[in-house]
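Subject: Handover of a structure and its description

Dear colleague,

Please find below the structure that I am handing over to you. I would be grateful if you could read the notes that follow alongside it.

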Amino acid sequence: MSGILDHLSIGFGVAFSLTNLLVAAIGSFIGTMVGVLPGLGPVNGVAMLIPIAFAMNLPPETALILLAAVYVGAEYGGRITAILLNVPGEASAIMTTLDGYPLARQGLANVALSLSAWSAFFGAIVSVVGIILLAPMLAKWALAFGPAEYFVLMIFAFCCLTSLLGKQPVKGVLAAMIGLSISVVGVDANSGVYRYTFESVHLADGIDFVVVVIALFAVSEMLEMLEKVMAGHSVEVKPSGRKLFNLKEMAFTWWSVVRSALVGFGVGVLPGAGASVAAAVAYSQEKRIIEAKDPDAKFGKGDMRGLVAPEAAATASAIGSFVPMLTLGVPGSGTTAVMMGALTLYNITPGPVLFETKPELVWGLIASLFVANVLLFIMNVPLVRFFSKVLSVPGWLMVPGILCISYIGVYAINAGTFDLLLVAGIGALGYFLRKFGVPMAPLVLGVVLGNMMEQNLRRALSMTDGDVGVLFASPVSMALWAGAAAVVVVPQVLRRVRRARKVAAGAA
């Protein structure tokens with residue numbers, strides 16, 4: 001314990017230097033703005049700042065603090081448009097739209113924004129404490145996950161989607177299948193075969209995730225909003241008079257925040273799993289737990305517990321992804337992979353020896369993650385009322401404004417007009433799917449997880465000459481298969497038990 005305290009004293013000495021505090025504050029603000037803009041996301045935000053940090057001759061620990069602050073800030077920022085406009089700023093904010101946006105439409109935008117800021121802050125703190133106490137042990141645990149285990153983890157994540165399908169599971173499964181179909185478009189990385197490109201060179205690299213998200217959320221949402229405006233219905237929403245959540249709401253969501261933060265940290269430690277997986281698993285877990293106790297819970301219609309669960313999990317996962325980077329030299333997410341590239345510019349190789357050779361960098365980063373999250377919480381809460389003013393913008397101005405910003409984000413990906421046409425086409429498809437009651441979350445998660453699932457399956461099979469037994473060979477895989485089966489079967493059993501009890505009570 002004394003060794004940890006000594007290391008923390010070194011870390012906070014680095015983090016509390018005037019330069020690093022200023023850098024953390026600037027990075028947090030930039031990250032928030034990056035997260036708000038659809039199409040950018042934390043990976044692009046961090047990548048854009050690497051040459052600037054290097055050109056300014058910042059010390060390696062200061063440069064890493066800047067990039068980490070941008071990363072965490074983008075996770076915070078992604079929730080703002082997800083709650084206010086139903087347009088997730090980045091992948092992990094998809095689950096936030098399910099209950100955050102309905103809360104905003106109910107006039108609780110201020111409460112939803114402040115509650116999500118609190119839950120994200122708590123998730124970050126849990127994750128930072130976990131890194132301090134458990135990093136070496138968690139690194140060994142993460143090594144137990146090979147391609148087969150990651151494939152089964154994706155199966156588990158898809159099974160968790162069954163709790164999002166509500167009373168129309170066929171439509172949910174259809175949405176997930178459409179998402180998986182989109183994820184396989186493009187050149188097969190292993191065989192070089194063109195898949196579903198229809199002889200179009202523009203589809204050779206596949207359909208970018210940003211294109212799908214903006215089309216299905218921004219464009220289709222704006223089409224629905226435009227429909228209401230043309231029909232003469234008002235789309236304006238008056239924000240709540242309250243600026244913050246109250247203690248009753250904090251107590252109401254407390255255990256959801258705690259459970260989701262722990263889930264998010266556990267998923268974040270796994271290299272490549274990502275915050276979007278953590279948010280989906282945490283939301284599904286909370287929905288099952290809460291609905292088992294309270295069948296009348298309004299998940300998907302504005303339940304605060306459905307808002308805080310993905311927020312706590314996503315931020316905890318983002319912080320947790322630093323564990324494999326620092327201890328194993330393996331990126332825990334796409335953003336930490338970019339940050340590893342930044343370290344190579346300083347001739348620093350992440351890995352186990354980093355704790356011994358560069359303690360000021362490692363512990364300075366860990367301490368700055370705590371400082372950056374405190375700054376973000378202090379920075380974001382006063383801005384809640386400012387952000388919620390977006391809902392007061394008239395629909396005739398909001399619709400073209402959001403579409404312009406969205407299309408700028410899409411055009412910035414490849415600087416080509418084909419992506420703009422693709423967004424319009426997929427957005428129109430999303431609009432009609434919404435009209436038929438097909439949920440968007442399983443579709444987008446199918447796009448997110450599909451490629452990861454396919455690549456890990458092919459790696460696992462190539463390592464064993466096609467032996468499918470590798471998917472059931474390890475205790476980790478078997479535990480995940482059992483969890484996936486339980487996620488599918490247990491809710492059905494509980495639903496039938498409740499139905500039988502109601503019938504028995506009616507007969508009595």
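The notes below describe what was found in this structure.

This is a predicted model, in which local features need pLDDT of at least 70 and side-chain atom pairs count only at pLDDT 80 or more, while totals for chains, interfaces and linings use all residues. Residues are numbered from 1 along each chain as its sequence is written, and side-chain values use heavy atoms, with hydrogens and water left out.

The protein chain holds 21 helices and 2 strands; helices (H or I, at least four residues) and strands (E, at least two) are DSSP runs, numbered from the N terminus. Of its 508 residues, 55% are buried, where buried means under 20% relative accessible area, exposed over 50% and partly exposed in between, with a 1.4 Å probe and protein chains only. Among contacts (heavy atoms within 4.5 Å) between residues at least 6 apart in sequence, 79% join residues at least 24 apart.

A nonpolar core is a set of buried Ala, Val, Leu, Ile, Met, Phe, Trp, Tyr and Cys residues joined through side-chain atoms within 4.5 Å. The largest has 136 residues, and F322 and M339 are among those with the most contacts inside it. Helix 6 (residues 109-142) gives the most to this core, with 15 residues. Leaving aside residues up to four places away in sequence, F322 touches A68, Y71, I131, T336, M339, L365 and L369. A second, separate core of 8 residues includes V14, A24, A53 and L66.

Helix 2 (residues 18-36) packs with helix 16 (residues 359-380) at an angle of about 55 degrees, their axes being 9 Å apart. Axes are lines fitted to C-alpha atoms, for helices over the stretch in contact, and angles run from 0 to 180 degrees between N-to-C directions. Helix 2 and helix 16 are therefore oblique to each other, as angles under 35 degrees count as roughly parallel, over 145 as roughly antiparallel, 65 to 115 as roughly perpendicular and the rest as oblique. Residues making the contact include L21 and F29 of helix 2 and L375 and M379 of helix 16.

Two single residues may also be noted. L5, in helix 1 (residues 2-15), counts as partly exposed because its relative accessibility is 48%. N456 lies in helix 20 (residues 440-463) and, at 11% relative accessibility, counts as buried. With residues up to four places away in sequence not counted, N456 touches P147, Y150 and F151.

Yours sincerely
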